[in-house]
Amino acid sequence: MSRGSALHPRGAPQRPPPPRVPRLRLLRDSRRRRPPAAAVLRLRAVRRRCPARVPPGGKIENLVRSVYSEVDENEVNLDAAFNVHAGIAHTRWATHGVPAPRNSHPQSSGAGDEFLVVHNGIITNYEVLKETLIRHGFTFESDTDTEVIPKLAKFVFDKAHDEEGDVTFIEVVNEVMRQLEGAYALIFKSPHYPNELIACKRGSTLILGVNELSGQKIGKSFHDVKALTANGKPKELFFSSDLCAIVEHTKNYLAIEDNEIVHIKDGSVSILKFDHDKEKPASVKRALSVLEMEVEQIKKGSYDHFMQKEIHEQPHSLTTTMRGRLKDGGVLLGGLKEHLKTIRRSRRVVFIGCGTSYNAALAARTFVEELTGIPVTMEVASDLLDRQGPIYREDTAVFVSQSGETADTLLALDYALENGALCVGITNTVGSTLSRRTHCGIHINAGCEIGVASTKAYTSQIVVMAMLALAIGSDQISTQPRREAIISGLSSLPGNASEVLKLDSEMKELASSLIDSESLLVFGRGYNYATALEGALKVKEVALMHSEGMFAGEMKHGPLALVDENLPIIVIATRDACFSKQQSVIQQLLSRKGRLIIMCSKGDASAVSPGGSCRVIEVPQVADCLQPVINIIPLQLLAYHLTVLRGFDVDQPRNLAKSVTTQ
């Protein structure tokens, strides 16, 4: 890197920027910073390896200070201009080894840094490769799986150089890819090939951003070096693991496909396709896409944290999710139009997801069955793969993922495609792997979500699945009144979300009363069993408090033993078919001196808390199948305030990443 700007967060101390020069940079998604990472910045002017050691706090601001310290120590001129410059950097998220300088990226081939690699993903056969390389005299310094890659590159280079003389960078990387197993996105750099970078991927996300400094050319196809640089104008080229990381630099991007190799040499680009059965990769022709996102979406604005901002954005995100899709008393989903007849003939619908996306699908299961008459089964993606559960040609498999890059979900997608099922994708990310590889799908259009804990994407996912159910069941006369009531409820949902956000100060007060609690139970049933799971997950994720979402019907089968006057218990008892059963649950918990917090519909406080013996959260009443959208918002606010009061990082909870791209 000719300067340290790629790692500058907003608000960090910065030097006056030097004149802009054409450059190539690797940008890592700034949200993936957990756990605190040590990182290495490559500076072209520094011949030896210069680790930028991050203090235990692990913040990007500390990384910037460390980089400038290394720059001053090595007398690097950050104002130096280059006609062409290539650099790589990485904010590391641990998969192997503790966060420490020896485990930071780039990883090196050894003395002299002949090959340097940054890596997103997991190499599953790294132990076998490591043993082989050790037998050939290599020594390893880190605990990472990544270190085998640059050392393998050096082994390939040395062997080819001894046998054949000259060997190209492409040939080295091609042979390395042939030996690797697992999921990865890789960037290679080597002093043997100055002003060159090679990127490749299999399984993990990799984005190439292209910015023409003197005016953008959008949507232009390119095939080789000449096509991208034909007009002779200077370019900035960015590699990233996420689109949100490049939006402030360019809106022109290319989503790299599996087994593609991107070769950047002297500021120009070529794209090749790796094939195990062929000795040399073949050239491919790709077109740039345009990112539909604004820089403002990745800024906090007037909010203290991204999670807080995204919770309060939900009236708007729900509106954009439904915009143009509710028409003339019906639902129009263009992405499914050609496949609705096939879905209606399915023997079953299988919802597949992980974490929050699984919970959203669970919230939708009941009304999808009700409106379509098709049996619905639920699958956690990793469990489906472990069991090799049955997926049939007559099934419709619906994959739900905020990022569209969740590793387990994508592997489950491969499995479903192999078994011949119709695959539908529901994702927030246009151009994601999920959206490209499914037969059809729906974008939830919730807007960029930065905070690791998903909030607005969850509620938009439920709304999208409600519209999916309405579209599939639109040919059934018997359910028409029910469909009309749900469509009416959808139209008023943003307004009700605004209303429930007024509980913010009340949730902050409740959080202050729970700050010293060690555990929290959340009971729900029916439509709101998923709400209980998701609310407990949010508290777990960000407040780092043990919390469990439980099916209220199972209360007597074990959980009742936990109840005493100290354990806080949230019971979701809004008006639906399960309301009377939840009233019974409340009475049983009160008789055991339970410390209850009850969520109920407006006006029902006396019905759920006789004599005012419990703390009550009153929320607007909507159509029962849409109530989870409203009910989760107070629990999101509670989790947020608990986290702030307990002094933890809201947007980047420890050990977690926004997009889980490894198994």
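## A walk from the cysteines to the sheet

Welcome! A search of the whole structure turns up zero disulfides. Keep in mind as you click around that this is a predicted model.

Select C200, which counts as buried because its relative accessibility is 0%. Then jump to C578: its relative accessibility is 16%, and since buried means under 20%, C578 also counts as buried.

**Stop two: N103.** Now select N103, in the loop between α1 (60-73) and β4 (107-108). Is N103 buried or exposed? With a relative accessibility of 0%, N103 counts as buried. Show the side chain of N103 and look for its polar atom 2.8 Å from the backbone nitrogen of D143.

**Stop three: the sheet.** What is the strand order of the open sheet here? Its seven strands run β4-β5-β6-β7-β12-β13-β14, with antiparallel pairing. To see a bridge up close, pick S108 and its partner in β5, L116.

**Last stop: the helix on the sheet.** Select α4 (residues 169-179), which packs on the sheet. Which strands does helix α4 touch? They are β6 (182-189), β7 (196-202), β12 (260-265) and β13 (268-273). Line up your view with β7, and you will find that the direction of α4 makes about 25° with that of β7.

How values were computed:
Residues are numbered from 1 along each chain as its sequence is written. This is a predicted model: local features need pLDDT of at least 70, side-chain atom pairs count only at pLDDT 80 or more; totals for chains, interfaces and linings use all residues. Side-chain values use heavy atoms; hydrogens and water are left out. Helices (H or I, at least four residues) and strands (E, at least two) are DSSP runs, numbered from the N terminus. Buried means under 20% relative accessible area, exposed over 50%, partly exposed in between (1.4 Å probe, protein chains only). A polar contact is a pair of N or O atoms within 3.5 Å; within protein, one must be able to donate a hydrogen and the other to accept it, and residues adjacent in sequence count only if both atoms are side-chain atoms. A disulfide is a pair of cysteine sulfur atoms within 2.5 Å. Two strands pair if DSSP finds at least two bridges between them. Contact means heavy atoms within 4.5 Å. Axes are lines fitted to C-alpha atoms, for helices over the stretch in contact, and angles run from 0 to 180 degrees between N-to-C directions.
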